[in-house]
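Dear colleague,

Please find below the structure that I am handing over to you. My findings follow directly after it.

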Amino acid sequence: MVKICVLCGTKFEGHGNNPAPLNRGHGRCCDKCNTDVVIPKRMDDMLYQRFKKIMSEQEKYMWWPE
């Protein structure tokens, strides 16, 4: 069965991939979009969350002189 990628609009066959966090996870995306767009976005989100956690932990130890 031929499907349409929700991100780029190209036709693909097979199960496709979950496009989340892009397109709110609705529909399926092709392998190329998954590799080139979705996975890098997930990695960026993961690194951003890690950065926020590190920064919030560092704020516990920061003080501002009066």
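**Overall architecture**

From the N terminus on, the elements of the protein run β-β-α. There are 1 helix and 2 strands, where helices (H or I, at least four residues) and strands (E, at least two) are DSSP runs numbered from the N terminus. Please note that this is a predicted model, in which local features need pLDDT of at least 70 and side-chain atom pairs count only at pLDDT 80 or more, while totals for chains, interfaces and linings use all residues. Residues are numbered from 1 along each chain as its sequence is written, and side-chain values use heavy atoms, with hydrogens and water left out.

The accessible surface of the protein comes to about 5700 Å², of which 57% belongs to carbon and sulfur atoms; accessible areas come from the Shrake-Rupley method with a 1.4 Å probe, and for residues only the protein chains shown count as cover. Of the 66 residues in the protein, 14% are buried. Here buried means under 20% relative accessible area, exposed over 50%, and partly exposed in between (1.4 Å probe, protein chains only). Among the contacts with a separation of 6 or more, 13% are between residues 24 or more positions apart, a contact being heavy atoms within 4.5 Å.

**The core and its cysteines**

The largest nonpolar core has 6 residues, namely Cys 5, Phe 12, Cys 29, Cys 30, Cys 33 and Val 38. Such a core is a set of buried Ala, Val, Leu, Ile, Met, Phe, Trp, Tyr and Cys residues joined through side-chain atoms within 4.5 Å. Cys 29 lies in the loop between strand S2 (11–13) and H1, and Cys 29 is buried, with a relative accessible area of 0%. Leaving aside neighbours within four places in sequence, Cys 29 is in contact with Cys 5, Val 6, Leu 7, Phe 12, Gly 16, Asn 17, Asn 18, Pro 19, Asn 34 and Val 38. Between Cys 29 and His 15, 14 residues apart in sequence, the C-alpha to C-alpha separation is 9.0 Å. Cys 30, another member of this core, is buried at 8% relative accessibility.

How many disulfides does a search of the whole structure find? The search returns 0 disulfides, a disulfide being a pair of cysteine sulfur atoms within 2.5 Å. For Cys 29, the closest cysteine sulfur is that of Cys 5, at 5.3 Å, too far for a bond. For Cys 30, the closest cysteine sulfur is in Cys 33, at 3.7 Å, and this is also too far for a bond.

Asn 34, one of the contacts of Cys 29, lies in helix H1. Asn 34 is buried, with a relative accessible area of 12%. Apart from neighbours within four places in sequence, Asn 34 is in contact with Asn 17, Asn 18, Cys 29, Ile 39 and Pro 40.

**Charged pairs and the surface of the helix**

Side chains of opposite charge can pair when their charged atoms come close. The count comes to 2 salt bridges, each defined as a side-chain nitrogen of Lys or Arg within 4 Å of a carboxyl oxygen of Asp or Glu. In one, Asp 36 pairs with Lys 32, the closest N and O atoms being 2.5 Å apart. These two residues are 4 apart in helix H1 (residues 31–59), and so are separated by about one helical turn. Asp 36 is partly exposed at 43% relative accessible area, whereas Lys 32 counts as exposed at 58%.

In the other, Asp 45 pairs with Lys 41, with 2.9 Å between the closest N and O atoms. Asp 45 and Lys 41 are likewise 4 residues apart in helix H1, about one helical turn. Asp 45 is partly exposed at 28% relative accessibility, and Lys 41 is partly exposed at 32%.

Tyr 48, Phe 51, Ile 54 and Met 55 form a nonpolar patch on the surface, with about 390 Å² of accessible area together. Patches are made of residues with over 30% relative accessible area and no salt bridge, with like charges joined within 9 Å and nonpolar side chains (Val, Leu, Ile, Met, Phe, Trp, Tyr) within 5 Å. Ile 54 is found in helix H1 and is partly exposed, with a relative accessible area of 37%.

**Backbone details in the loop**

A cis peptide bond joins Ala 20 and Pro 21, with omega about 15°. Pro 21 is found in the loop between S2 and H1, and Asn 23 is found in the loop between S2 and H1 as well. Phi of Asn 23 is near 60°, a positive value in a residue other than glycine.

Yours sincerely
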